[in-house]
Amino acid sequence: MTVPVHAADEVKTVPMTPELYRYLVAQAEPPTPVQRQLTEQTRALGEMAVMQIPHEQSALLTLLTKMAGATRVVEVGTFTGYSTLAFALGLPPHGTVTTLDLSAEWTDIARRAWEAAGVADRVQLRLGPAEEALRALPEEPVIDIAFLDANKDGYATYWDLLVPRLRPGGLLLADNVLYAGEAADPRCTGNAADIRRFNAKVRADARMESVLLPVADGLTLARKRDAGEGVPRNA
Ligand SMILES: C[S@@+](CC[C@H](N)C(=O)[O-])C[C@H]1O[C@@H](n2cnc3c(N)ncnc32)[C@H](O)[C@@H]1O
């Protein structure tokens with residue numbers, strides 16, 4: 001079946017340049033002193049600092065958390081805690097962000113930043129393989145927002161474990177879904193191929209509605225449909 005689409009060759013996204021990117025970043029809520037310091041500390045780690053989400057994405061996560069009225073967030077992939085901090089800053093004081101990672105070294109930096117920002121009491125850090133931690137979560141649909149930003153070969157499993165635990169209307173966000181553009185190539189391999197299969201899985205899941213945003217390395221924003229909410233087929 002041929003699916004009718006709008007003019008797919010008409011690129012509506014503005015090509016990014018360093019100047020335009022600086023302008024774009026300047027239009028987001030500016031980083032707090034703690035966020036600036038955390039970015040500096042993460043840069044000092046060297047090459048792996050690229051794993052930290054950029055500040056404009058952090059501002060988006062904080063906004064989405066507030067817009068969703070979220071009180072329960074689950075994050076897969078803490079690193080030095082920048083995205084955790086973004087969620088924590090969007091939560092009310094009684095809200096919690098449960099964040100999962102393997103590394104005690106990187107999350108020690110994160111803990112200090114959460115303390116300095118005055119939100120450490122909203123953060124529950126679980127060290128160990130994310131899959132085990134997700135399986136141990138209550139099987140109740142109570143999560144308002146989940147965020148995937150860890151090993152790419154785990155995204156499909158994390159999706160399967162998180163979607164049933166999302167409340168109706170809850171959001172599942174997945175980072176790096178363009179994988180530097182490689183995921184669009186049918187011949188891609190490795191992490192990019194894992195991401196490509198994950199993107200296809202997301203599109204095929206009728207429980208969720210989703211859009212892939214060209215934010216940073218690509219951010220999927222998926223919402224769990226309400227019970228009884230029809231899937232439009234011929235609208
Ligand atoms: C891209 S970084 C996360 C960046 C973070 N969200 C931020 O904004 O700074 C990915 C993290 O996933 C963690 N990770 C990788 N495999 C994992 C696994 N199987 N279980 C839990 N964490 C894992 C790594 O230790 C790393 O800190």
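**The ligand and its pocket**

Good morning. The largest pocket here has a volume of about 690 Å³. A pocket is an open set of points on a 1 Å grid over the protein atoms alone, with protein on both sides within 12 Å along at least five of seven lines, and its lining residues have an atom within 4 Å of a point. The volume is the space filled by 1.4 Å probe spheres set on the points.

This is a predicted model, in which local features need pLDDT of at least 70 and side-chain atom pairs pLDDT 80 or more, while totals for linings use all residues. Residues are numbered from 1 along each chain, and side-chain values use heavy atoms, without hydrogens or water.

Of the 32 lining residues, M51, D149, A150, N151 and K152 are the closest to the pocket's centre. The lining divides into 15 nonpolar, 12 polar and 5 charged residues, with Gly counted as polar.

What takes up this space? The ligand does; a molecule sits in a pocket if more than half of its atoms lie within 2 Å of the grid points.

Around the ligand there are 18 residues, of which G77, S83, D101, A130 and D149 come nearest; a residue counts as near if one of its heavy atoms lies within 4 Å.

Let us turn to polar contacts, pairs of N or O atoms within 3.5 Å. A polar side-chain atom of D101 is 2.7 Å from a ligand oxygen atom. For D149, a polar side-chain atom lies 2.8 Å from a ligand nitrogen atom. A130 instead places a backbone N or O atom 2.9 Å from a nitrogen atom of the ligand.

Terms used. A polar contact is a pair of N or O atoms within 3.5 Å; within protein, one must be able to donate a hydrogen and the other to accept it, and residues adjacent in sequence count only if both atoms are side-chain atoms.
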